[in-house]
Each structure stands twice: as structure tokens, then as C-alpha cells.
Amino acid sequence: MKKLILILTIVGFASTAHAQDSLMSQHTFNICASILVLGLVMLFILTVMKRLLEHRIKNRIVEKGVPESIAMSILEVSPKEDRNVNLKWALILAGLGIALFFIHHSQPLGIHSLSILAFCLSASFLGYFFISKSSNK
């Protein structure tokens, strides 16, 4: 919830800073898009780092010869959880691709471009929710 409030605040400040132009100028759109891309890149880097550190911990546990019962509880892998993470990212990237397709064909860029992006990403999250909900049953 805090991230959503932060994003809405940044977008609000960016749009009010250039209120004398149009509703959203090209410069404002570039700032918002840069923030979004930066956030996605940082999230990707954090995910890769998490997986690398988990792999290192698992290797050290095996090297140290930890008792089997403790090692099994720590090294337990849930393939269903990994499958859902991959599905989530696939749907998010598909939604982003669809949004960029519609944005490209609805030139010039403006506030409607951000609404298309938000709608497609929210639709992809909704699709992920329904798919994960049906797979849990």
C-alpha cells in the first residue's frame, strides 16, 4: 500500500509541476516512464540477488554436512511456488507488451498513455490472480 501511495504522489507532483502546459507534457511522461522502468529494473536485480544468495546458502549447508533433518527443512523447494512466480512475470510482461502496443498506436503520448499502461498491467495482475486461485483448488 505504501508503494502505491508513493507512486501516486510522484505522478501527482510531476503532473502538477507542469500544469501550465497541457494536462501532461512529453517531459512529464518521460519522467513517469523512467521511474516505472527504474522500478522494474531494481525489482529484477533484487530477485536475481535473492536467488543467488539462496543458492550460496544451500551450497554451504551441503558443504558443512548439516544433519539431514535440518538440511531437508532448509533446502525444501516448492516447485508450485516457483511456477507461480514465473507465471506472474510472464503475465506482467505480456500486459506491458500489450500496453506498449496500444500506446504506440494511440499517438501522441499523454495521460491516456499512462492509463492504458495501468489498465493493461492491472488486467495482467487480475489474470494472474484468477489463474493462481484456480490452480490452488
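Ser124 is found in helix 5. Helices (H or I, at least four residues) and strands (E, at least two) are DSSP runs, numbered from the N terminus. Ser124 counts as buried because its relative accessibility is 9%. Buried means under 20% relative accessible area, exposed over 50%, and partly exposed in between (1.4 Å probe, protein chains only). The Ser124 side chain reaches the backbone oxygen of Leu121 at 2.7 Å. That is a polar contact: a pair of N or O atoms within 3.5 Å; within protein, one must be able to donate a hydrogen and the other to accept it, and residues adjacent in sequence count only if both atoms are side-chain atoms. Leaving aside residues up to four places away in sequence, Ser124 touches Leu91, Ile92 and Gly95. Contact here means heavy atoms within 4.5 Å.

The model is predicted: local features need pLDDT of at least 70, side-chain atom pairs count only at pLDDT 80 or more, and totals for chains, interfaces and linings use all residues. Residues are numbered from 1 along each chain as its sequence is written, and side-chain values use heavy atoms, with hydrogens and water left out.

Now take another serine. Ser115 is in helix 5, which covers residues 111–136. Ser115 is partly exposed, with a relative accessible area of 43%. Its side chain reaches the backbone oxygen of His112 at 2.7 Å. Ser115 and Ala99 are 16 residues apart in sequence, and their C-alpha atoms are 9.4 Å apart.

Next, the aromatic rings. The count comes to 2 aromatic pairs. One of them is Phe129 with Phe130, a tilted pair at 5.5 Å centre to centre and 55° between the planes. Rings of Phe, Tyr and Trp (its six-membered ring) pair if their centres lie within 6.5 Å; planes under 30 degrees apart count as stacked, over 60 as edge-to-face and the rest as tilted. Phe129 is partly exposed at 43% relative accessible area. Phe130 is partly exposed at 49%.

Which helix holds Phe44? Phe44 lies in helix 2, residues 26–64. Phe44 counts as exposed because its relative accessibility is 55%.

Finally, the whole chain. The protein has 5 helices and 0 strands. Along the sequence the pattern reads α-α-α-α-α. Buried residues make up 17% of the 137 residues. Among contacts between residues at least 6 apart in sequence, 56% join residues at least 24 apart.
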